[in-house]
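Welcome! Please take a moment to look over the sequence and the fold before reading on.

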Amino acid sequence: MKYTEKVMEHFLNPQNTGTMEDFDGKGYYGSVECGDYIEVYIKVKNNILENVSYMVYGCTASVATSSMMSTLAKGKTIEQALEITEDDVEKALDGLPEEKRHCSNLGVGALKNAIKNYKGIEVSYEESIF
């Protein structure tokens, strides 16, 4: 399995990692099958994601896709952040091996769940797994 240079860059130097104590929204997402799991925290000011951080437990692709999700989302409006797709994350990383493409679901799913939490929308268990 070969990862792109961008994937390795985000795996070795992940951006925006860590928990956030004063978050406005928090979302979870994970895989029962492979054990990968992420928590995303957002800080919102004037409808803009002023800060995005996360804690991820998983493989190289899970770390890299979570890092890329955070860099794509930070500074975006809530509406723009909700439009970020798994394909956007994968393209920004210059691709993923076929068997690791599902990892791009992690960060995007948790980000959308964090936004729902911020809006006061309850997230079901089914919306938190893939």
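This is a predicted model: local features need pLDDT of at least 70, side-chain atom pairs count only at pLDDT 80 or more; totals for chains, interfaces and linings use all residues.

Residues are numbered from 1 along each chain as its sequence is written, and side-chain values use heavy atoms, with hydrogens and water left out.

**Strands**

Helices (H or I, at least four residues) and strands (E, at least two) are DSSP runs, numbered from the N terminus. Two strands count as paired if DSSP finds at least two bridges between them. Let us begin with strand 1 (residues 25–30), which runs antiparallel to strand 2 (residues 37–45) and is joined to it by six bridges. Within this pair, Y29 has I38 of strand 2 as its bridge partner. Strand 2 also pairs with strand 3 (residues 48–57), in the antiparallel sense and over nine bridges. The hairpin of strand 2 and strand 3 has two residues between the strands.

Most residues other than glycine have a negative phi. Which residue in the hairpin of strand 2 and strand 3 takes a positive phi? That residue is N46, found in the loop between strand 2 and strand 3. D94 also has a positive phi and is a residue other than glycine; D94 sits in the loop between helix 4 (86–92) and helix 5. The table gives their values; buried means under 20% relative accessible area, exposed over 50%, and partly exposed in between (1.4 Å probe, protein chains only).

| Residue | Phi | Relative accessible area |
|---|---|---|
| N46 | N46: about 55° | N46: 69%, exposed |
| D94 | D94: near 60° | D94: 52%, exposed |

**Helices**

How do helix 2 (residues 60–73) and helix 5 (residues 104–118) meet? Their axes come within 7 Å and cross at roughly 40°. Axes are lines fitted to C-alpha atoms, for helices over the stretch in contact, and angles run from 0 to 180 degrees between N-to-C directions. Helix 2 and helix 5 are therefore oblique to each other; angles under 35 degrees count as roughly parallel, over 145 as roughly antiparallel, 65 to 115 as roughly perpendicular and the rest as oblique.

With contact meaning heavy atoms within 4.5 Å, S62, T65, M69 and A73 of helix 2 meet S104, L106, G107, V108 and L111 of helix 5. By class, this contact has five nonpolar, four polar and no charged residues. Nonpolar covers Ala, Val, Leu, Ile, Met, Phe, Trp, Tyr, Cys and Pro, charged covers Asp, Glu, Lys and Arg, and the others, Gly among them, are polar.
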